2 protein chains.
Amino acid sequence: MALWYEEKFDDKARYSLRVERTVFDECSEFQHIQIVDTAAYGRALVIDDIFMTSDRDEFFYHEMLVHPALVTAPSVERVLIIGGGDGGTAREVLRHSEVKEVIMVEIDGTVVDACKKHMPGLGAWTDPRLQVRIDDGISFVKNAEVAPFDVVFLDGTDPVGPGKGLFNSDFYRGVKRVLKPAGLFALQSESPFYMGDVFLDIQRRLGEIFSAVTPYFGPVPIYASGSWSWTCAGDAIDLAAMDAVRLEVVERDCKYYNRDIHRAALALPNYLRQVLGRR
Amino acid sequence: MALWYEEKFDDKARYSLRVERTVFDECSEFQHIQIVDTAAYGRALVIDDIFMTSDRDEFFYHEMLVHPALVTAPSVERVLIIGGGDGGTAREVLRHSEVKEVIMVEIDGTVVDACKKHMPGLGAWTDPRLQVRIDDGISFVKNAEVAPFDVVFLDGTDPVGPGKGLFNSDFYRGVKRVLKPAGLFALQSESPFYMGDVFLDIQRRLGEIFSAVTPYFGPVPIYASGSWSWTCAGDAIDLAAMDAVRLEVVERDCKYYNRDIHRAALALPNYLRQVLGRR
């Protein structure tokens, strides 16, 4: 008997992967967390019935969330990650030797524990520069008595469940509060085509708080429609200004990202030029 | 009761779209052809249980198959399309006023008739420059007594069913036979990630016949993994040499394609640089 794991992304489309076995299945205080072995993508993390990442395709998402910001930020010494419980974002951040401290604030300790145990390749958990705090990222950026960060990453779920509060203007203002004046905020910003409304809402809200907002694009095969976006926001960002030294290290180690991909990801399709009012 | 149309792409992944109604369902001599109204993508063409194109996302595929070649070919007067029965490729080709004659050789007249009637937005069927021949494209390129073409497009199905013979070296040699010495051959070349083996096989076979082979990349939301590739092959191709006049017209009319997207599509991810042995 073949077992199929069906993602009901919305009431219009479903995506199913054949599953060889379930290795973890638990409801935390916040969400339903499953780790399954799929035939197509290897081991995969599923939260509230949506595929989050897989051993085979995770590099697209994590490299593209992290490196465009870290290769162009004026400084990258202190980095904050909100969410990112699977560890992949921290792992990519820690490839940069200029990074001195990474604070990861993940609301759900169950995700961290499950991924450490069952998807260890995603993390760089033993790196002494990484501090993991099991805490609410929204309160953290609102209340933390912390010195400003050079770069903040938001690596959350879709705008449902505990991730919902990470898609609003209050949270974005909190991020600005903990960011240096020349700092960068990078986040996943959903599918520009399949979830165009959410993508545009994120652009609009960020535009009210930061003076420069730059979306960029790439594939994430396991996500709905396979075509994804991330966005960098800040008051002094220039995603074209790549640091040659930082670039060299990540280009050598990455599976997807390199300087050509970095530039290419910034190209705006005609249908987005129009709705974003650019050129 | 909600009806779901489930694509069994392979034995590892399935993709389902909610269907409001079936508007066409017929088995031709060659294949099973269905046209359905989906909630997510509007009207969609399904051949042998695989989604081929949809009203809502067809522009990604057709613009990216056609314009990189037509904007860079030395001449575009005479164009051959093998397959392309839904009409979308011919429609994009005919946007170029320098094109004087388009011969479309589609094996299955049922696809043409069904799409003319039920998906009319895909075609430019009344353009006097277009000749549709219901014939086998493989024999056509092998036997036709025709003057050479400036550009040949292959717009076939996946390498199963009647499309299988379009993915081999004999067919590619036939294409070269009907192509001008400086002509371009452009084709869809499957998902570079999800169907990496087929993608690489196409690159390899083309490389044995043409002296320059350039793959390029973009999204097609309705296809497996959402991340697709096309390839241009020829003996004298330079996909960076965009013709300013031709570019201007298609940039104005396209929904996805523009000069930034053209350049961006050529960027090779690290995992492909490695397997293709480039840089």
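How much area is buried between chain A and chain B, and what percentage of it do carbon and sulfur atoms give? In this predicted model, the buried area comes to about 3,400 Å², and carbon and sulfur atoms supply 54% of it. On the side of chain A, 40 residues take part in the contact, and chain B likewise brings 40 residues.

In one salt bridge, the side chain of A:R18 meets that of B:D11, with 3.8 Å from N to O.

Which elements of chain A give two or more residues to the side that touches chain B? They are β2 (13-27), α1 (58-72), α8 (259-265) and α9 (270-276). Of these, β2(A) gives the most, with 6 residues. Sorted by residue class, the side of chain A that touches chain B holds 22 nonpolar, 6 polar and 12 charged residues.

The strand β2(A) also has a pairing partner in the other chain. It pairs with strand β2 of chain B, residues 13-27, and the two run in the antiparallel sense over 5 bridges.

How values were computed: Residues numbered from 1 in each chain as written. Chains lettered and ligands numbered in written order. Predicted model: local features only at pLDDT ≥ 70, side-chain atom pairs only at ≥ 80, totals over all residues. Heavy atoms only, no water. Contact = heavy atoms within 4.5 Å. Buried area = accessible area lost by both parts, 1.4 Å probe. Salt bridge = Lys/Arg side-chain N within 4 Å of Asp/Glu carboxyl O. Helix = DSSP H or I, 4+ residues; strand = E, 2+ residues; numbered from the N terminus. Nonpolar A, V, L, I, M, F, W, Y, C, P; charged D, E, K, R; others polar. Pairing = 2+ DSSP bridges.
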